[in-house]
Amino acid sequence: MSTTLKIVIAESSVIIRAGLEVTLKKISGFKFHLVEVGYPDSLGEALRMHRPDILLINPLFVNGTLLTQLKEENGCTDTKCFALLYTAVETSILRMFDDQVSIFDGPDEIKKKIEQVILKEIAEETDPEDSQSLSVREKEIVVCVVKGMTNREIADTLYLSTHTVITHRRNIARKLQIHSASSLTVYAIVNKLVELEDIQPKG
């Protein structure tokens with residue numbers, strides 16, 4: 001089963017964008033929905049519209065703009081940022097990124113980097129002392145699920161991608177060993193994540 005990831009490629013060179021697209025399509029285990037951005041002025045709109053899982057971007061494309069600010073302004077704080085490297089870039093700039101992809105990387109190297117970033121995100125949100133406890137984000141998602149929201153609605157409300165919401169829901173089911181909405185509702189009420197009136201149908 002393939003995991004679908006939405007990726008925005010922000011790079012002014014048509015040739016490099018095309019080469020990346022060909023390389024990404026060779027990666028097994030993932031399906032990619034790719035969006036190309038060739039001009040810095042179009043980046044904000046692309047982020048707002050697509051809310052990608054990954055932003056693969058030439059560091060010079062943002063010209064010193066803080067990535068955290070860029071993501072916050074466009075409602076995609078959960079997006080992971082990869083620096084696309086083919087020229088020398090200052091170390092201080094590279095610290096803003098989750099990882100780096102070189103134009104010399106092959107499909108296997110890129111796949112490994114993507115997997116490491118996704119696994120790191122999941123590990124960081126898990127309490128190392130208690131694998132059964134839910135992170136703050138997971139509790140927010142439980143509340144949304146119990147209130148009857150769809151994955152897309154949860155993603156829009158919490159400024160996440162749909163892929164990330166699905167990943168969190170899998171983790172919640174694994175941790176709690178709960179696989180039905182009714183059981184999850186009971187869990188949420190018992191653990192005071194929601195009040196009964198919050199989930200009762202409005203008359």
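**Note on the predicted model**

1. Overall make-up. Buried residues make up 44% of the 203 residues in the protein. Buried means under 20% relative accessible area, exposed means over 50%, and partly exposed lies in between (1.4 Å probe, protein chains only). The secondary structure comes to 10 helices and five strands. Helices (H or I, at least four residues) and strands (E, at least two) are DSSP runs, numbered from the N terminus.

2. Ground rules. This is a predicted model: local features need pLDDT of at least 70, side-chain atom pairs count only at pLDDT 80 or more, and totals for chains, interfaces and linings use all residues. Residues are numbered from 1 along each chain as its sequence is written, and side-chain values use heavy atoms, with hydrogens and water left out.

3. The sheet. Five strands form an open sheet, in the order β2-β1-β3-β4-β5, with parallel pairing. Two strands pair if DSSP finds at least two bridges between them. Strands β2 and β5 (99-102) stand at the edges with a single partner strand each, so one side of each has no neighbour in the sheet. The twist averages 25° from one strand to the next. Four bridges join β1 to β3, and these two run parallel.

4. Helix α1 on the sheet. Helix α1 (residues 14-24) lies across β1, β2, β3 and β4. Its direction is at about 170° to β2. Axes are lines fitted to C-alpha atoms, for helices over the stretch in contact, and angles run from 0 to 180 degrees between N-to-C directions.

5. V8, a residue to look up. V8 is found in strand β1 (residues 3-10). V8 is buried, with a relative accessible area of 0%. Its bridge partner in β3 is L55. The C-alpha atoms of V8 and I54 are separated by 6.5 Å, though the two are 46 residues apart along the chain. Leaving aside neighbours within four places in sequence, V8 is in contact with V35, V37, L43, P52, I54, L55 and L56. Contact means heavy atoms within 4.5 Å.

6. The cores. The largest nonpolar core has 20 residues, and those with the most contacts inside it are A10, V37, L43, L55 and I57. A nonpolar core is a set of buried Ala, Val, Leu, Ile, Met, Phe, Trp, Tyr and Cys residues joined through side-chain atoms within 4.5 Å. The elements giving two or more residues to this core are β1, β2 (30-37), α2 (43-50), β3 (54-57), α3 (67-73) and β4 (80-85). Apart from it lies another core, of 19 residues, including I141, C144, A155 and L176.

7. Helices α7 and α8. The axes of α7 (residues 151-158) and α8 (residues 162-176) come within 8 Å and cross at roughly 110°. They are therefore roughly perpendicular to each other (under 35 degrees is roughly parallel, over 145 roughly antiparallel, 65 to 115 roughly perpendicular, the rest oblique). N151, R152, I154 and A155 of α7 meet T162, V165, I166 and R169 of α8 in this contact.

8. H163. This residue lies in helix α8. H163 is buried, with a relative accessible area of 15%. Not counting residues up to four places away in sequence, H163 touches T3, T4, L5 and D53.

9. Helix α6 and after. In α6 (residues 136-146), the buried residues are E138, I141, V142, V143, C144, V145 and V146. Just after α6, G148 takes a positive phi of about 90°.
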